[in-house]
Amino acid sequence: MPADRPRAFSGIQPTAGSFHLGNYLGAIRQYVALQETHDAFYSVVDLHAMTIPQDPAVLRANTRLATAQLLAAGLDPERCTLFVQSHVPEHAQLGWLMNCLTGFGEASRMTQFKDKSARQGAERTSVGLFTYPVLQVADILLYHARHVPVGEDQRQHIELTRDLAERFNARYGDTFTVPDVHIVKETGKIYDLQDPAVKMSKSASTPKGIVNLLDEPGVSAKKIRSAVTDTETVIRFDPERKPGVSNLLTVYATLTGRTVADLEAAYEGKGYGALKTDLAQVVADWAAPFRERAREYLDDPETLDGILAKGAEKARTVAAETLAAAYDRVGLLPAKH
């Protein structure tokens, strides 16, 4: 790895089918930018997807679909390493070491686990859901990632990663790189169109509150036109008093590269209808080539699988070395070949 290119790692689950605007603006857009400045490793984390029951055929199809969409969004296999998590067994192996280093109370305090288990109920909550933040720690530490581009909701998991890396290093000797969280403040969180108090998310949002990138333009336009705003008419960025309008302005500004202040000035004296209509067109114009590129990759599974095989091979050269060092440090007896 060149000294002037720090390592970055991030993963995305293949459970969603189509990616949505929250995925793209909150994380994937950063992936594309970071591959130009970092030695970037990106993983479709299919093992994480199994914290909830999966239909095997659907999981397999969604893994390819997620890969196609990452490539369509601008990831370049020549500029980054793109692979499927289960193709690199070192993730699960280091995950066990990290489980044995994590306190039960520590894992219990993870907000995402508490939220998801409360919604599902204790009987439907798996041990995998409880420990998946620890597997995420292993994902990151395997690659000595300095930067981890994630959404705001994942900040706590990166703090856990930092804590466990420091704990391991203090107990067994300097082994892991302690990572930094990488969140773009302006677009760290995109909110539900119907409930702008909650993040746009397949697990928490209603279907009408999510703009899927693979939806036809008419479907997305209808969702944007029916987005919840407020009883005023002034188009102004004010997340506390006008969360719905502020969310629309954030999406608009990020997709077009215009500033929020520029948009506020452009829509002075205009109603919410004008903003929504124009934003629907902006989303349609951006999503059309994205959908076309994703379709091309899905129509050529041989090329798609070849990209993933090459990525897994490259990822394993790094992961295997890290795991071997960790196994040695904790005192596991090396296998003789």
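Buried means under 20% relative accessible area, exposed over 50%, and partly exposed in between (1.4 Å probe, protein chains only). The model is predicted, and local features need pLDDT of at least 70, side-chain atom pairs count only at pLDDT 80 or more, and totals for chains, interfaces and linings use all residues. Residues are numbered from 1 along each chain as its sequence is written, and side-chain values use heavy atoms, with hydrogens and water left out.

View 1. Helices (H or I, at least four residues) and strands (E, at least two) are DSSP runs, numbered from the N terminus. The buried residues of H3 include Leu59, Asn62, Thr63, Leu65 and Ala66. At the start of H3, a side-chain oxygen of Asp55 comes to within 3.0 Å of the backbone nitrogen of Ala57. Gly74, with a positive phi near 125 degrees, follows H3.

View 2. Thr161 counts as buried because its relative accessibility is 0%. Its side chain reaches the backbone oxygen of His157 at 2.9 Å. Not counting residues up to four places away in sequence, Thr161 touches Val137, Ile140, Leu141 and Pro179 (contact: heavy atoms within 4.5 Å).

**View 3. The aromatic pair of Tyr31 and Tyr42.** The structure holds 10 aromatic pairs. The ring centres of Tyr31 and Tyr42 are 4.5 Å apart and the planes stand at 20 degrees, so this pair is stacked. Rings of Phe, Tyr and Trp (its six-membered ring) pair if their centres lie within 6.5 Å; planes under 30 degrees apart count as stacked, over 60 as edge-to-face and the rest as tilted. Because Tyr31 lies in helix H1 (residues 21–34) and Tyr42 in strand S2 (residues 39–44), the pair ties together parts that are 11 residues apart in sequence. Tyr31 is buried at 2% relative accessibility, and Tyr42 is buried with a relative accessible area of 1%.

**View 4. The aromatic pair of Phe168 and Phe176.** This pair is edge-to-face, 4.8 Å centre to centre, with 65 degrees between the planes. Phe168 counts as buried at 1% relative accessibility, and Phe176 counts as buried at 3%.

Terms used
A polar contact is a pair of N or O atoms within 3.5 Å; within protein, one must be able to donate a hydrogen and the other to accept it, and residues adjacent in sequence count only if both atoms are side-chain atoms.
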